[in-house]
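Please look over the sequence and the model first, and then read on.

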Amino acid sequence: MSAARPSGSGPDAIVIGSGANGLAAAVVLARAGLAVEVLEAEETAGGGARTLDLGLAPGIVHDICSAVHPMALASPFFRAFDLAARGVEMRVPEASYAQPLDGMPAAIAWRDLERTAAELGADGPSWSRLLGPLAERADVLADLALGDKRSLPRSALSPAAWPGIGGLGVGALLQGTPAWGAALRTPHARALLTGVAAHVFAPLPSLSAGGVSMLLAALGHAGGWPIPVGGSQAIADALIADLRAHGGAIRTGAPVRTWRDLPPAALTLFDTSARTAADVLVHRLPQGRERALRTFPPALGAAAKVDFVTSAPVPWRDPRVGRAGTVHLGGTREEMAAAEAEAASGRMPRRPVTLVSDPGAVDPSRIHGGLRPIWAYAHVPLRDPRDPVEMVTAQIERFAPGFRDTVVAARGISASRMADHDRALLGGDISMGSTSLLRMVARPTAAPDPYRLLGADARGGAAYLCSAAAPPGPGVHGMGGLLAARRALRDVFGIRQLPDLQP
């Protein structure tokens with residue numbers, strides 16, 4: 001066991017990477033009384049929760065990776081951290097998400113469950129039976145889904161939680177197996193839920209996609225799918241402010257290539273890909289653990305990003321779509337499943353599944369001089385080098401005729417270049433590893449402690465993984481950071497009581 005060193009003698013803990021997980025870990029450690037330093041390779045902090053001026057139009061800023069944040073409301077870490085009390089305003093759209101369809105009205109998931117069910121017609125009762133019990137117990141389900149996959153949260157042990165947990169399991173089976181046509185029969189309801197499942201970068205149907213679709217859809221009827229006022233950077237900035245208020249420091253433009261680049265510290269946490277952790281700790285890790293990190297498989301598919309500036313809202317054929325914070329483009333369930341299968345097999349779909357968000361629809365501060373940012377990404381093969389602007393534009397135009405005429409500027413980032421602005425997103429793998437059911441548990445290994453990489457040795461301090469490459473996996477929730485920091489506090493510093501996270 002190592003004790004924290006006297007103040008002024010250097011950091012007790014180093015965090016590599018300043019995404020939500022890295023910052024969450026740093027906040028927990030700093031609040032526990034440790035001297036913490038965060039090293040970020042990019043020139044700005046925030047990782048996938050950054051919002052930057054890309055120079056496309058005066059006053060217009062763009063969310064670099066994540067834009068809509070259901071997990072930021074649901075996460076146990078952020079519930080304790082209390083973003084609202086720190087001045088972060090989360091605007092919740094009237095409609096959580098929408099699914100435009102060719103030649104038919106769109107399917108809309110309103111935050112109001114009854115309204116959604118009423119518009120789904122024959123499938124309305126089934127939608128309510130599937131998601132109603134889950135939405136009522138959304139906090140418990142988030143505690144369970146965002147845990148370490150090794151233990152049950154206390155909230156899940158209450159009998160009152162069991163109907164929701166059982167409903168989540170049944171829903172995952174219904175929507176994650178070839179039986180996924182049994183519960184929902186209309187094209188609208190099937191497509192609406194499939195659009196949510198496609199967030200997972202896994203074959204459709206699959207148990208992991210089925211489970212995540214149930215959770216995210218339930219959150220859409222509970223807290224909603226919020227958009228932070230000013231952009232995702234507001235979340236990162238709240239974490240950074242708290243870290244600094246407790247004596248922590250952040251150095252940007254500070255890439256770490258090997259453990260020899262690190263200042264002496266009792267602990268290093270990696271908010272990086274599994275492979276990057278192996279590269280930095282080369283010749284220090286046990287051989288089996290290094291091999292596991294290097295061979296942790298990527299997700300079956302990648303993201304290619306497009307940032308648009310438009311002179312008007314997206315002219316959706318069904319105007320109701322413009323009231324949703326997130327729009328899933330891909331057509332019917334069958335079309336989306338086929339497109340995801342093509343991307344997973346390394347072939348570019350003719351019409352890739354595409355996600356679109358217009359933050360100005362709920363946050364007018366994002367609109368300047370009549371211009372607004374539009375956020376979009378397409379599901380493409382891993383490491384695909386093609387510029388995505390045209391294919392994403394065509395997919396939006398399919399459901400919003402005239403969209404091209406509103407575009408003032410666009411910037412595309414191919415999957416192969418996603419790591420240019422966030423080194424963790426290798427080949428466009430924004431999930432930072434496979435999202436199969438097995439790999440959501442054995443992430444990056446099946447070890448009892450999936451966060452601990454290395455104990456202290458003659459060459460340096462202990463090392464832990466706290467990124468989306470560890471449980472609970474992808475999303476802006478901070479739980480990877482919290483769970484890794486909790487273990488490190490106990491094992492490295494002998495601190496068993498987590499610090500209070502309230503402002």
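Two strands are said to pair if DSSP finds at least two bridges between them, and helices (H or I, at least four residues) and strands (E, at least two) are DSSP runs, numbered from the N terminus. In strand 14, Ala376 is the bridge partner of Val356, and strand 13 and strand 14 (residues 372-380) run antiparallel, joined by four bridges. Strand 13 also pairs with strand 12 (residues 324-329), again in the antiparallel sense, over three bridges, and there Thr354 is the bridge partner of Leu329.

Within strand 13 (residues 354-357), Thr354 and Val356 point one way while Leu355 and Ser357 point the other way, and all are buried; buried means under 20% relative accessible area, exposed over 50%, and partly exposed in between (1.4 Å probe, protein chains only).

## How the model is read

This is a predicted model, in which local features need pLDDT of at least 70 and side-chain atom pairs count only at pLDDT 80 or more, whereas totals for chains, interfaces and linings use all residues. Residues are numbered from 1 along each chain as its sequence is written, and side-chain values use heavy atoms, with hydrogens and water left out.

## Nonpolar cores

A nonpolar core is a set of buried Ala, Val, Leu, Ile, Met, Phe, Trp, Tyr and Cys residues joined through side-chain atoms within 4.5 Å. The largest such core has 122 residues, of which Phe77, Trp127, Leu267 and Leu453 touch the most other members. A second, separate core of 28 residues includes Ile108, Trp316, Val356 and Ala376.

Contact means heavy atoms within 4.5 Å. Leaving aside neighbours within four places in sequence, Phe77 is in contact with residues including Ala24, Val28, Leu239 and Leu501.

## Salt bridges around Arg487

A salt bridge is a side-chain nitrogen of Lys or Arg within 4 Å of a carboxyl oxygen of Asp or Glu, and a search of the whole structure finds 27 of them. In one, the side chains of Arg487 and Asp148 meet at 2.5 Å, N to O. Arg487 lies in helix 17 (residues 479-493) and Asp148 in the loop between helix 6 (138-145) and helix 7 (162-176), so the pair ties together parts that are 339 residues apart in sequence.

Asp449 also forms a salt bridge with Arg487, the closest N and O atoms being 3.5 Å apart. Asp449 is buried, with a relative accessible area of 18%, and Arg487 is buried too, with a relative accessible area of 9%.
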